[in-house]
Amino acid sequence: MLSFEKRQPSSAERTKLILRQDNGDLTGIRELPPQRDTQKLVKEITNAKCFEAGASLAILDNPGRTGKEFDSKSRLLKQVLEKLYKTPLGNRIVLFQGKQKSLREVFDGTLISPLSPSSDQIGRCLDRSQAGNVLDWVFSELSKPSVEDDGITNAKGYGYTNLLTKIRAISAFGTTIWQLLSDRTIVGENLPPVAELLSVVNPRLSSAQALEKRFSEFQSKTRNHTFDNALLRARRERIPELPGNQELVGWNYESAAKYGLGFGQVIQPNGVTDERSRAALEKALTESGGVNGIKRKGAPIGDLERLMVLSDEEFQNMPDAFRECGLQQALEEHRLDHGTGVNRWEPYGMFATESADQGFPSAGAQSGGTCDILLAANLLSDNSLYGRRETVLPLTLGIVAFMNSGAYHTATEIWWNGKAMAKGAPAYIPHVDSRHKGLYGEIVATLREFGAPEAYAKAAKYKRAYDETSGMDHIRPNDATTHFYLSEKQQQDLEFWSTGK
């Protein structure tokens, strides 16, 4: 647990914040930059959201190498799920969220149910007649190709919702594996059945020891101790609205981990002491399809059929440069009813606040879902994905498009983590300026290398609009705004993934 100590500022413009662990060890110093022009920053964040929306649509419409990589992982995931649901392996007992459950029961709740028509998730089945046949629908969707054998041309009949389904299924698989193996008190019991499950597509991970080694690499390099730093990642749910203007009474914030909901402070029915409010909240969550779909106080997006992170106001007042590129029309052509992450979360940790200070948007702090997708892809692959940029960067482009689409996360919260894995280096989160510098240029350059020509052309067009409207060179501080004190080895690793040297 971290505590927060504020000292008197040494000048009128700068404040030092000292982060200390309970034992008093110094873990970092943050120097806040001089106050920025708020109106300029708001415009910068809107410009950034517009670029990310346009680039994400470009990737979804013409996925190129991204489609090829997710096609490959989806076929492997289908084989794993067939073993789970069609053989006795699905009856193996594991410890999950404090209870003994069969593997099949676990994945019913974490992967199949969120893809049902009643869910609020993007990528779910949109055909309500398939409500009782979701598993077969998932098998069918995972089998459909996104691109032809050339890895560039869209496959016949391709639609962007199919790619969303594949990414959502792979994400759920990774989330589940993380929950089964990340807790050191239960990992010994869960390793053997998970290894047996993965062995159908990855014989190299057929033993508990081999799986533990691969997982430990991920846990030390990607979802490491810096990722879930409470001060960096702090976020809380907006307060739910109940039907009939009923006030939510007796609610409390609780840890999301308690309910298997990731990281942050959440409001769940079990934590509501007022019986009437508890029942109303349960009903509202069920009717809305989940925690992302329920109405919340202060939610910035009212149109839940419009994809991406732009608020209603930002969409209506879109900068002319993006409007002239056709972004508003493109968003209108990709309408999909869904719950949004940005309506759910209020990120207030250092990651989000310092990103905003440099004109970059946040939706939910650094993305655990990104970690889950990369974990799943890593475990479904014969060899470790660390250092395999030709696979990891196309996957990361797809993650950016998916997370933006559901307004779950922004590229700011995603790209650096995929970039670190592509370079084979640990991902640390200590240096805001190096994490964001050149972000959008890197995305466009990666699309040029791995994307379909159509996707690159569209993203480059949106990047020109961003450059035309952005004043970041006048806002971004020349010196670093954040320093964290790492070991010498960590500093070397950080330098490597930041600069490639």
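I take buried to mean under 20% relative accessible area, and exposed over 50%, with partly exposed in between. I am working on a predicted model.

**Entry 1: Ile112**

I looked up Ile112 under that cut-off. Its relative accessibility is 10%, so Ile112 counts as buried. I find Ile112 in helix α3, which covers residues 103-112. Leaving out residues up to four places away in sequence, I list Tyr85, Phe107, Val134, Leu135 and Val138 as what Ile112 touches.

**Entry 2: the whole chain**

I then went to the totals. The protein has 501 residues, and 57% of them count as buried. I count 22 helices and ten strands. The accessible surface comes to about 20,900 Å², and carbon and sulfur atoms hold 47% of that. Among contacts with a separation of 6 or more, I get 69% from residues 24 or more positions apart.

**Entry 3: helix α17**

How many of the nine residues of helix α17 are buried? I find eight, so this helix, residues 415-423, is largely enclosed by the rest of the structure. The buried ones in α17 are Trp415, Trp416, Asn417, Gly418, Lys419, Ala420, Met421 and Ala422. After α17 comes Gly424, and I note that its phi is positive, near 75°.

I find the side chains of Lys419 and Glu442 meeting in a salt bridge, 3.0 Å from N to O. Glu442 lies in helix α19 (residues 439-450) and Lys419 in helix α17, so the pair ties together parts that are 23 residues apart in sequence. I compared the cover on each end. Lys419 has a relative accessible area of 13% and is therefore buried. Glu442, at 26%, counts as partly exposed.

**Entry 4: other salt bridges**

I count 26 salt bridges in the structure. As background, side chains of opposite charge can pair when their charged atoms come close.

I looked at Lys78 and Glu82 next. They form a salt bridge whose closest N and O atoms are 3.8 Å apart. Both residues lie in helix α2 (residues 65-86), four residues apart, about one turn of the helix. An α-helix has 3.6 residues a turn, so residues three or four places apart point the same way. Lys78 has 22% relative accessibility and so counts as partly exposed. Glu82 is also partly exposed, because its relative accessible area is 24%.

Which residue forms a salt bridge with Arg344? I find Glu237, with the closest N and O atoms 2.7 Å apart. This pair links distant parts of the chain, 107 residues apart: Arg344 is in helix α13 (residues 341-344), and Glu237 is in strand β6 (residues 235-237). I note both Arg344 and Glu237 as buried.

**Entry 5: a network, and a recap**

Elsewhere, salt bridges that share partners join Asp303, Glu305, Arg306, Asp312, Glu332 and Arg335 into one network.

Definitions and conventions:
Residues are numbered from 1 along each chain as its sequence is written. This is a predicted model: local features need pLDDT of at least 70, side-chain atom pairs count only at pLDDT 80 or more; totals for chains, interfaces and linings use all residues. Side-chain values use heavy atoms; hydrogens and water are left out. Helices (H or I, at least four residues) and strands (E, at least two) are DSSP runs, numbered from the N terminus. Buried means under 20% relative accessible area, exposed over 50%, partly exposed in between (1.4 Å probe, protein chains only). Contact means heavy atoms within 4.5 Å. Accessible areas come from the Shrake-Rupley method with a 1.4 Å probe; for residues, only the protein chains shown count as cover. A salt bridge is a side-chain nitrogen of Lys or Arg within 4 Å of a carboxyl oxygen of Asp or Glu.
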